Amino acid sequence: MIMTSSKVHPPRSRTILHQTIFSVFVLALIAGCRSRSAVYTPDSSLLLPSPSTASQPTSAPATPSLQPPSLTPPYQTWIDPDLPEALQALIAELDGISSTDQRDSAQVLISTDSGDPLGNWLFIAGWKSGPAETIPFRQILLTETTQNALAHLFGPGDQDCLAIENESELAHSLWLHPNAIALEPFESVQPALTILKIDNQDLLSDNFDPNRYPLKLNLTFQAPDEIKLELSAQGPLTNFTSEKLSSIAMTGVTAMVRDTAVIMEEEGLTYPAGDVQGILNGADITHINNEVPFAKDCPPPTSSQNSLRFCSDDRYLKLLEAVGTDVVELSGDHFGDWGPDAMLHTLDLYQQENWIVYGGGRNLQSGLDPVFIDHHGNHFAFIGCNAKSFDRYATASETNPGASRCDFDWMSAKIQQLSSEGYLVIATMQHEEVDSYNPIALQLHDFRLLAEAGAVIVSGSQAHHPQAFEYTGSSFIHYGLGNLFFDQWYLATRVPEIHANKDKSFIDLHYFYDNKYIGTRLIPLQFIDNARPRPMTPDEKNKFLDQVYRYSLWEGDWVYLFPAEYFPEDN
């Protein structure tokens, strides 16, 4: 985990939204269409066109004898017109380059033919209906520009399988064709596209190896020796580098009390993290919403505690350390349970850990003020508050510590300012608790208000029952993630007619590239006892997402468009 709490110089912004992400190991991309059942395991060889069914790429034309360079730049440069438009524009901006459409008289040739390496351009496969290890797609949607570029890799392909779309219509067409995938260059990725794995290579993973990624154009150039060094010195051209990618793990309720704390004492302080530790540590920035203060005089926990006045032993900080905590939200209802001394003691502990806190603090304004994190050139501002109708939970004032009560007029204006300055705003709230996937009207109003103000992520931290999500404009809204570490498993198992689904929750993995929001992967969790969640099995996930999607929206439309079998395993 790498970050800094200092304020950074402002940059830029924009977005892509996902429904949810599941893995794809190998996709039959350009080779040809064939009938597929809902469960299909494609063959890696299908990445290449079959000699009997797909046209082969035409051989590269003979390289002309390049004209001697002029004594001074700019050099006359021919750029293959089949290359993506963004790539052509980037090449044209290179020092010493002057574009020409006269290939035979050019001094520099840039293409995918043989020559000196100049860089690479990556494409993604995207799906709309909700991801998979095995995707039953029958059609490939792409623009004419993308088709021309990928023909250099795979040949022209099976035209019965390909559907040419305008860039502006591509995402909408995917909604209308649940058995289709889309191919796009990485820089063109659009809202609500699911980015799929190709041959077990995941662009969003720390283990991504571009050398093994099949959807990649390797760029080359040919030039006289006198100007080769000059062009090579400007560095490789690419539309994707991991040095511009950041991930944030957002979580729901943590309350290390009652039976959760008893189990920690019995099984070990880090026991609850056992099955999600890798997920949370794998994120560049990990958010924890710890609702409960640490107190020096906190009594030993009991499973049968009836009081809702909570505190945690200082030793329980080890659990938060184990999951790689970076930023702690303090907007929770129970932060003030043990009084001012415990809250100040808790803030001192977080400060000793160099963890950033927001949503609550030593006074009202310090809790409302945004905090800033800079990672890989992505500039984040976290802002949060307690939005409960009854304000007894938000104890912060000018002179008292605690959770800070929401001031939506101030908060909206602040988000607008931060967004205009180039920050990616992550807004979170402790809101009304609803035992339903469906958010209530007050949630809809307040969450959408912050999204409309410019927050790219709006996340509800209060939920014990996981709730729906929504894509609106350039923002992702999740009304409630459910519990991360809290003892409500027994309610769901013993009284399911009242507390169904309180044994389920989400970790949301949000991804950002070049200071743009590029998507969210939902990680559904299933509790195995009152302390420990684990990632759901494929069957559990299918049933769970089948329900959640029924209540979720994208730009005012219901996300749920497909039957449960179209939501396969996420690896």
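Here are some numbered notes on the predicted model above, going from the overall picture to single residues.

1. Ground rules. This is a predicted model, so to speak of local features pLDDT has to be at least 70, side-chain atom pairs count only at pLDDT 80 or more, and totals for chains, interfaces and linings use all residues. Residues are numbered from 1 along each chain as its sequence is written, and side-chain values use heavy atoms, with hydrogens and water left out.

2. Overall picture. The protein has 14 helices and 29 strands; these are DSSP runs numbered from the N terminus (helices H or I, at least four residues; strands E, at least two). Of its 571 residues, 59% count as buried. Buried here means under 20% relative accessible area, exposed is over 50%, and partly exposed is in between (1.4 Å probe, protein chains only). Take the contacts with a separation of 6 or more: 75% of them come from residues 24 or more positions apart. A contact is heavy atoms within 4.5 Å.

3. Strand 21. Have a look at this one, residues 457–460. Ile 457 and Ser 459 point one way and Val 458 and Gly 460 the other way, yet all are buried. Strand 20 (residues 424–430) runs parallel to strand 21, with four bridges joining them, and Ala 427 has Val 458 as its bridge partner. Strand 23 (residues 475–478) is also parallel to strand 21, through three bridges; there, Ser 459 is partnered by His 478. For pairing, DSSP has to find at least two bridges between two strands.

4. The crossover. Strand 20, helix 11 (residues 441–453) and strand 21 form a right-handed β-α-β unit. Right-handed means that, with the strands pointing away from the viewer, the path from the first strand over the helix to the second runs clockwise.

5. Helix 10 against helix 11. Helix 10 (residues 408–420) packs on helix 11 at an angle of about 30 degrees, the axes being 8 Å apart. Axes are lines fitted to C-alpha atoms, for helices over the stretch in contact, and angles run from 0 to 180 degrees between N-to-C directions. The two helices are therefore roughly parallel to each other (under 35 degrees; over 145 is roughly antiparallel, 65 to 115 roughly perpendicular and the rest oblique). Phe 408, Met 411, Ser 412, Ile 415 and Gln 416 from helix 10 meet Asp 446, Leu 449, Leu 450 and Ala 453 from helix 11.

6. Salt bridges. Searching the whole structure turns up 16 of them, each being a side-chain nitrogen of Lys or Arg within 4 Å of a carboxyl oxygen of Asp or Glu. Asp 202 pairs with Arg 521, with 2.6 Å between the closest N and O atoms. That pair links distant parts of the chain, 319 residues apart: Asp 202 is in the loop between strand 8 (194–195) and strand 9 (216–222), and Arg 521 is in strand 26 (residues 516–527). Asp 202 counts as buried at 7% relative accessibility, and Arg 521 does at 10%.

7. A second link. Asp 487 and Arg 258 meet in a salt bridge at 2.9 Å, N to O. Asp 487 sits in the loop between strand 24 (483–485) and helix 12 (489–494) and Arg 258 in helix 5 (residues 258–267), so the pair ties together parts 229 residues apart in sequence. Both residues are buried.

8. Asp 313 and Arg 315 form a salt bridge at 3.2 Å, N to O. Asp 313 is partly exposed at 25% relative accessible area, and Arg 315 is partly exposed at 38%. Elsewhere, salt bridges that share partners join Asp 116, Asp 225 and Lys 228 into one network.

9. Trp 78. This residue is in strand 1 (residues 75–79) and counts as buried at 12% relative accessibility. Its C-alpha atom is 6.2 Å from that of Val 108, 30 residues apart along the chain. Leaving out residues up to four places away in sequence, Trp 78 touches several others, including Thr 100, Arg 103, Leu 109 and Ile 110.

10. Two asparagines to check. Asn 354 has a positive phi near 60 degrees, and Asn 515 has one of about 60 degrees. Asn 354 lies in the loop between helix 8 (340–352) and strand 15 (356–358) and is exposed at 65% relative accessible area. Asn 515 lies in the loop between strand 25 (504–513) and strand 26 and is buried at 0% relative accessibility.
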